[in-house]
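Me: I would like to learn to read helix packing and backbone details from a model. Can we work through one together?

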Amino acid sequence: MAEPAPAPLELDAKYDDYDFPTTPPVAQNGHPGYLTPQQQAQVHQLRLLLESEGYTERLDTLTLLRFLRARKFDVEASKKMFVDTEKWRQETKLDEVLPNWEYPEKAEVFKYYPQYYHGTDKDGRPVYIEQLGGIDLAAMYKITTAERMLTNLAVEYERVADPRLPACSRKAGTLLETCCTIMDFKGVGLAKAPQVYGYVKQASALSQNYYPERLGHLYLINTPWGFSTVWGVVKGWLDPVTVKKIHVLGSGYQKELLAQVPAENLPKQFGGSCECQGGCELSDKGPWRDAQWAKPAKWEKKADAAPAPAAPAPAKEGAEAEAAAPAAAEAADAPKADAAAAAAAPAAA
């Protein structure tokens, strides 16, 4: 297939106030700078439809393009996805929670389930790492709640959009809209599989439904025996573009992973050389922490004008927690997709 012809991105003066590059590093159909006249018209059409229904936030061109690409430029389907996302944001009060969010239990939760951003890959994208082998929902729900875990996940997705990706784009000199994700299955056996895949499926639904087009690469490392066989079936159900982003690796993953992630940005436990003081999982290392590239997020600038909302309730204590934890774990273990389907789900995002 011939590369799409470059075309200047038509910016909207009302919504597009970007302070970072808006042209991607490679030519891709449907991406900024490489839109057909029809695709550019579909951006305008989607924005007008949303404005006509009263929406005024997140109508910038880059955001609308992500929703359009996620739905193959079907304007009505893209509109539905956008509206569903806005309804979810209102129901969870995410825009109120975001500027004031605190997660003091993070270090304790991470003893069971580390989920963190750490440096960038060789394309300049943020690297996101999850270690699934220690998940113990009953123990974790004595520290926090399922609601707070998912709220924290949503807050981190918001921080990817701003300030992480804008800082990475400034440093790279090109538009970066995706992340490089590493999911480590070391320690995931049959006994833990229901809990692990149950939560992964729940978290993946959040990314698929509300944060489209954020995956650049997905590396599944230390995958258990039989995973590749199941993946061979599951990938037939996925879009070929998505399949190309997913790399299913066993224990000998280091060479392929290091081909994408510089050793200095990969924690030592995965074959890299990084040993952040206090632990890589708590460092939040990246261009978004560098004054040369970082700028305050737009939601930070609005924070002073908004009153602080009530945060989701903290974890229950004592006997109440003991009673609640098994029920919560049982709920998470309800009938689920198989291992490969659950792990592959984030790729749709």
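This is a predicted model: local features need pLDDT of at least 70, side-chain atom pairs count only at pLDDT 80 or more; totals for chains, interfaces and linings use all residues.

Me: At what angle do helix 1 and helix 3 pack?

Reply: Read the angle and the axis distance together. Helix 1 covers residues 37-52 and helix 3 covers residues 75-92. They pack at about 45 degrees, with their axes 10 Å apart. Angles under 35 degrees count as roughly parallel, and 65 to 115 as roughly perpendicular. Helix 1 and helix 3 are therefore oblique to each other.

Me: Is the crossing of helix 1 and helix 3 left-handed or right-handed?

Reply: Handedness is read separately from the angle. Helix 1 passes helix 3 in a right-handed crossing.

Me: Which residues of helix 1 and helix 3 meet?

Reply: List each side in turn. Helix 1 brings Q42, Q45, L46, L49 and L50. Helix 3 answers with V75, E76, S78, K79, F82 and V83. By class, this contact of helix 1 with helix 3 holds six nonpolar, three polar and two charged residues.

Me: How do the axes of helix 7 and helix 8 cross?

Reply: Helix 7 spans residues 146-172, and helix 8 spans residues 193-210. Their axes come within 11 Å and cross at roughly 40 degrees. Oblique starts where roughly parallel ends, and roughly parallel needs an angle under 35 degrees. Helix 7 and helix 8 are therefore oblique to each other. Their crossing is right-handed.

Me: Which residues of helix 7 and helix 8 meet?

Reply: From helix 7 come M149, L150, L153, A154 and Y157. From helix 8 come Y199, Q202, A203, L206 and S207. The contact of helix 7 with helix 8 has eight nonpolar and two polar residues, with no charged ones.

Me: What is the angle between helix 3 and helix 8?

Reply: Here the direction of each helix matters to the reading. Helix 3 and helix 8 pack at about 125 degrees, with axes 9 Å apart. That makes helix 3 oblique to helix 8. M81, D84, T85 and W88 of helix 3 touch L206, Q208, N209 and Y210 of helix 8. Four residues of this helix 3 and helix 8 contact are nonpolar, three are polar and one is charged.

Me: How many cavities does a search of the whole structure find?

Reply: Start with the idea. Rolling a probe the size of a water molecule over the atoms shows where empty space is left. In this structure the search finds two cavities of 30 Å³ or more. The second largest cavity holds about 30 Å³ of space.

Me: Which residues line the second largest cavity?

Reply: Its lining is Y103, V109, Q115, M149, N152 and Y199. Four of these lining residues are nonpolar, two are polar and none is charged.

Me: Which residues does a cis peptide bond join?

Reply: Look at omega. A cis peptide bond joins D162 and P163, with omega about 25 degrees. P163 is placed in helix 7.

Definitions and conventions: Residues are numbered from 1 along each chain as its sequence is written. Side-chain values use heavy atoms; hydrogens and water are left out. Axes are lines fitted to C-alpha atoms, for helices over the stretch in contact, and angles run from 0 to 180 degrees between N-to-C directions. Helices (H or I, at least four residues) and strands (E, at least two) are DSSP runs, numbered from the N terminus. Angles under 35 degrees count as roughly parallel, over 145 as roughly antiparallel, 65 to 115 as roughly perpendicular and the rest as oblique. A crossing is left-handed if the near helix is turned anticlockwise from the far one by less than a right angle, and right-handed if clockwise. Contact means heavy atoms within 4.5 Å. Ala, Val, Leu, Ile, Met, Phe, Trp, Tyr, Cys and Pro count as nonpolar, Asp, Glu, Lys and Arg as charged, and the others, Gly among them, as polar. On a 1 Å grid over the protein atoms alone, a cavity is a set of points where a 1.4 Å probe fits but cannot get out, and a pocket is an open set with protein on both sides within 12 Å along at least five of seven lines; lining residues have an atom within 4 Å of a point. Grid points are joined across faces, edges and corners, and a volume is the space filled by probe spheres set on the points.
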